[in-house]
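Morning, everyone. Please have a look at the fold on the screen, and then I will walk you through a few spots.

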Amino acid sequence: RALANAKSHEESLESNVSTNILFPLPLYHSFGVVVGMLGGQSRLGIKTYLFENIPSSDQILKALKLYDIDILYLVPALARLLLKNEKKVRELNYCPKKISIGASLIYQDEIIQLMKIFPKTDFYYTYGITEMGPRVSTFKCGSLSDPSKLLSDKHEPLPIGDALEGIELKCNKTLFIQSKYAFNDQNQEYFDSEDTVSSRSGNHYITGRMKNNINFGGKNICPEEVESIIVKHKSITLC
């Protein structure tokens with residue numbers, strides 16, 4: 001089931017040719033198991049490159065060109081690290097064919113900034129939850145020359161996109177997921193992700209966690225929103 005989930009995730013990135021993948025994250029992360037470990041087994045012609053330790057932005061950029069990387073996987077923290085090193089990215093003058101970002105929230109204005117420093121790259125945002133496979137859906141952000149119509153320059157979350165083959169989604173106050181890749185014995189049941197969700201024009205947006213939101217002055221604050229602002233401060237360095 002895990003291998004089938006990895007294959008459905010690969011297909012959502014519209015990748016069906018020989019591919020060099022760079023996965024700069026620990027394999028013990030659920031995202032890493034499906035994408036870093038099993039993604040390369042989902043079809044022939046894939047080579048996956050890994051680091052022994054979480055790399056610096058310089059190491060990521062060097063590896064992109066050295067190994068002729070087609071698909072770069074990132075979590076938002078690493079994506080923001082590249083944004084903080086925009087000058088070095090531009091000096092590299094290399095764009096992978098695709099960049100896929102997952103594991104936690106990233107915002108629309110951040111994707112647009114990334115598109116500007118990787119102008120020839122197609123961007124994807126993926127949503128997942130460990131109990132469900134763990135890859136669940138993919139949103140195609142597009143590229144600088146052809147961005148999704150849903151993108152704006154506002155600091156708002158991305159939609160989670162279309163459910164992968166074999167997965168169904170439904171929304172109440174939280175997102176419910178039915179997955180044939182689920183790591184439990186209740187495959188036919190909808191699982192409550194406990195991710196709060198809003199829906200607009202058929203698109204689903206994660207707005208926080210039922211048990212992780214901070215209520216301040218009558219407003220719900222999502223910790224990821226705070227983090228995304230903090231890391232932009234010139235005195236903050238990501239390690």
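**Lysine first, then bridges and a pocket**

Lys-47 is exposed, because its relative accessible area is 51% and the cut-off for exposed is over 50%. Keep in mind that this is a predicted model. Lys-47 sits in strand β2, residues 46–50. Now look across to Tyr-67. Lys-47 and Tyr-67 are 20 residues apart along the chain, and their C-alpha atoms are separated by 9.8 Å.

Next, salt bridges. How many does the structure hold? The count is 6. I will take three of them in turn.

Start with Lys-88 and Asp-58. Their side chains meet at 3.1 Å, N to O. Lys-88 belongs to helix α5, residues 86–92, and Asp-58 to helix α3, residues 57–66. That pair links distant parts of the chain, 30 residues apart. Lys-88 is partly exposed at 37% relative accessibility. Asp-58 is partly exposed too, at 41%.

Now Asp-70 and Lys-97. The closest N and O atoms of this salt bridge are 2.7 Å apart. Asp-70 is in the loop between α3 and β3, and Lys-97 is in the loop between α5 and β4, so the pair ties together parts 27 residues apart in sequence. Are these two partners buried or exposed? Asp-70 is buried, with 9% relative accessible area. Lys-97 is exposed, at 52%.

Glu-110 is in helix α6, residues 108–117, and Arg-80 is in helix α4, residues 76–84. Glu-110 is buried at 1% relative accessible area. Arg-80 is buried at 5%.

On to the second largest pocket. Its space is about 290 Å³. Elements giving two or more residues to its lining are α1, β6, β7 and β11. The lining has 18 residues, and Thr-138, Phe-139, Gly-161, Asp-162 and Ala-163 lie nearest the centre. What is the make-up of that lining? It divides into 6 nonpolar, 7 polar and 5 charged residues.

Stay with α1 for a moment. Its buried residues include Asn-5, His-9 and Glu-10. Just after α1, Glu-14 takes a positive phi of about 55 degrees.

Finally, the surface. Val-226, Ile-230 and Ile-236 form a nonpolar patch, with about 210 Å² of accessible area together. Ile-230 is in helix α7, residues 223–230. Ile-230 counts as partly exposed, at 43% relative accessibility.

Terms used
Residues numbered from 1 in each chain as written. Predicted model: local features only at pLDDT ≥ 70, side-chain atom pairs only at ≥ 80, totals over all residues. Heavy atoms only, no water. 1 Å grid on protein atoms, 1.4 Å probe; cavity = no way out; pocket = protein on both sides within 12 Å on 5 of 7 lines; lining within 4 Å. Points joined across faces, edges and corners; volume = space filled by probe spheres on them. Helix = DSSP H or I, 4+ residues; strand = E, 2+ residues; numbered from the N terminus. Nonpolar A, V, L, I, M, F, W, Y, C, P; charged D, E, K, R; others polar. Buried < 20%, exposed > 50% of the residue type's maximum accessible area, 1.4 Å probe, protein only. Patch = residues over 30% accessible without salt bridge, like charges linked within 9 Å, V, L, I, M, F, W, Y side chains within 5 Å. Areas by Shrake-Rupley, 256 points an atom, 1.4 Å probe, with all protein chains shown as cover. Salt bridge = Lys/Arg side-chain N within 4 Å of Asp/Glu carboxyl O.
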